[in-house]
There are 2 protein chains.
Amino acid sequence: MKIGVLGTGTVGETIAGKLALLGHDVKMGAREAGNEKAAAWAKGAGQRASHGAFADAAAFGEIVFNCTMGAASLEALRAAREENLRGKILVDVSNPLDFSKGMPPTLFTPSGDSQGEQIQRELPEAKVVKALNTVNASVMVEPGRVPGEHDVFVCGNDAEAKAHVAEILWSFGWKNVVDLGDITAARGTEAYLLLWLRLWGALQTADFNIHIAR
Amino acid sequence: MKIGVLGTGTVGETIAGKLALLGHDVKMGAREAGNEKAAAWAKGAGQRASHGAFADAAAFGEIVFNCTMGAASLEALRAAREENLRGKILVDVSNPLDFSKGMPPTLFTPSGDSQGEQIQRELPEAKVVKALNTVNASVMVEPGRVPGEHDVFVCGNDAEAKAHVAEILWSFGWKNVVDLGDITAARGTEAYLLLWLRLWGALQTADFNIHIAR
């Protein structure tokens with residue numbers, strides 16, 4: 001499958017790398033078409049990897065991953081252009097973390113809104129699915145780094161899109177994919193980051209995740 | 001031990017009932033000394049149970065539980081009076097849920113603050129320990145309702161106070177008590193409520209909890 005990955009940071013590189021390893025055709029998108037990190041990634045990731053501007057990656061992908069920093073996501077998606085994302089699944093991995101007031105970060109969305117909803121409002125014809133934002137990048141694509149049972153979440157307004165994303169998550173190695181409902185549930189998975197940050201501090205490792213016992 | 005429980009709702013009744021069952025002397029506090037729910041609870045809970053105004057329960061307890069609704073907690077604690085809580089462990093079970101804008105609730109604290117911190121600021125000489133706010137009332141005192149391993153959190157500025165609260169949690173049946181650090185970690189456990197609400201909706205039961213896989 002042709003997949004666009006927006007973002008050249010750790011999350012973008014990790015997701016794009018895993019997708020390329022799994023045999024997908026992956027185009028990494030950056031703010032500038034000639035971005036050095038994207039070029040270096042594409043060079044190292046094999047023949048099916050390529051790179052370009054945000055709009056190039058969005059136009060290329062049948063599915064598109066938003067792996068940009070939360071604070072830069074809306075601008076990146078505007079640069080990717082609405083017409084390149086219309087009708088497509090947009091997997092939003094970003095978190096609305098505000099580092100401007102120091103550490104630990106706060107959230108720049110109020111508790112009655114979320115980054116996932118903002119993106120869905122910005123791109124009403126894209127099928128936004130929030131996923132993977134509750135774990136560290138390395139765990140996203142290699143859930144086996146964390147022993148035992150643990151869960152990943154999807155939410156979004158389109159059931160078929162969520163089912164498709166769940167298949168991709170299974171291909172990453174995830175076993176438990178919990179559907180939390182429509183995109184407003186992103187308020188929950190994004191707010192969880194505030195607990196994630198404290199767990200990270202207490203456990204002194206990012207190789208952890210939560211399991212829903214029931 | 002003598003324990004004061006502020007609040008006559010489901011959480012207050014559940015916690016007070018468990019503490020009385022475990023052999024503690026428990027005084028339930030309400031806004032008015034003659035509160036009917038508190039009187040009915042004390043009547044049914046045995047000879048070691050009593051009731052009174054918030055200030056009576058706070059003065060009575062060597063340890064005090066705040067089980068009032070989040071939006072009413074600061075007012076209740078002011079009525080309990082600072083001098084009755086000075087030097088004591090105050091276990092804050094409340095959540096800053098704002099139901100004024102409809103369902104699902106939002107949080108009335110911004111992501112850079114928390115109810116736990118607000119209470120600690122209001123009562124600088126009390127030893128505030130945030131605990132139990134991440135599970136349903138019935139699970140708080142009977143963690144075995146949820147099968148398998150799962151965790152409860154404590155945070156607060158006083159290590160001894162947290163150790164003491166952990167002992168009470170063990171007596172409730174909890175096995176894994178995770179110390180998240182100082183009271184600012186309440187930002188994490190309170191924000192998690194937004195995910196808890198979505199899980200509740202998706203699972204159609206409140207008998208669930210999270211386990212930290214690592």
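Me: Two strands pair if DSSP finds at least two bridges between them. Helices (H or I, at least four residues) and strands (E, at least two) are DSSP runs, numbered from the N terminus. Which residue in S9(B) is the bridge partner of B:Ala131?

Reply: This is a predicted model: local features need pLDDT of at least 70, side-chain atom pairs count only at pLDDT 80 or more, and totals for chains, interfaces and linings use all residues. Residues are numbered from 1 along each chain as its sequence is written, while chains are lettered from A and ligands numbered from 1 in the order in which they are written. Three bridges join S8(B) to strand S9 (residues 151-156) of chain B, and the two run antiparallel. In S9(B), B:Ala131 has as its bridge partner B:Val154.

Me: How many residues of strand S8 (residues 127-131) of chain B are buried?

Reply: A residue is buried if 20 or more other C-beta atoms lie within 10 Å of its own, exposed if 12 or fewer, and partly exposed in between; C-beta atoms are placed from the backbone. In a regular strand the side chains alternate between the two faces of the sheet. Here B:Lys127, B:Val129 and B:Ala131 point one way and B:Val128 and B:Lys130 the other, and all are buried. So S8(B) is mostly covered, and its buried count is five of five.

Me: By what turn can chain B be laid on chain A?

Reply: Copies are superposed by least squares on the C-alpha atoms of residues with pLDDT of at least 70 in both. The RMSD is 0.0 Å and the shift along the axis is 0.0 Å, with a turn of 180°. The two copies are thus related as by a two-fold rotation axis. The turn asked for is 180°.

Me: Which element gives the most to the side of chain B that touches chain A?

Reply: Two residues are in contact if their C-beta atoms, placed from the backbone, lie within 7 Å. By that test 37 residues of chain B meet 37 residues of chain A. Strand S7 (106-107), strand S10 (176-179), helix H9 (186-203) and strand S11 (209-213) of chain B each give two or more residues. The most, 13 residues, comes from H9(B).

Me: How many residues on the side of chain B that touches chain A are charged?

Reply: Ala, Val, Leu, Ile, Met, Phe, Trp, Tyr, Cys and Pro count as nonpolar, Asp, Glu, Lys and Arg as charged, and the others, Gly among them, as polar. The copies meet through the same surface, because 100% of the interface residues of chain B are also interface residues in chain A. On the chain B side, 18 are nonpolar and 12 polar. The charged residues number seven.

Me: In S11(B), which residue is the bridge partner of A:Ala213?

Reply: Strand S11 (residues 209-213) of chain A pairs with S11(B) over five bridges, in the antiparallel sense. The partner of A:Ala213 is B:Asn209.

Me: How many residues are in the largest nonpolar core?

Reply: A nonpolar core is a set of buried Ala, Val, Leu, Ile, Met, Phe, Trp, Tyr and Cys residues joined through C-beta atoms within 7 Å. A:Val5 and B:Val5 are among the residues with the most contacts inside the largest one. Not counting residues up to four places away in sequence, A:Val5 touches residues including A:Ile15, A:Phe65 and A:Cys67. The core's residue count is 140.

Me: What is the radius of gyration of chain A?

Reply: Chain A has nine helices and 11 strands. The radius is taken over C-alpha atoms, and the globule rule is 2.2 Å times the number of residues to the power 0.38. For 214 residues that rule gives 17 Å, and the chain's value is close to it, so chain A is as compact as a globular protein of that length. Its radius of gyration is 16 Å.

Me: Which residue does a cis peptide bond join to A:Met103?

Reply: Most residues other than glycine have a negative phi, and most peptide bonds are trans. This bond has omega of about -10°. A:Met103 is joined to A:Pro104.

Me: Is A:Leu132 buried or exposed?

Reply: A:Leu132 has a positive phi of about 70° although it is not a glycine. Its place is the loop between strand S8 (127-131) and helix H7 (137-141) of chain A. With 29 other C-beta atoms within 10 Å, A:Leu132 is buried.
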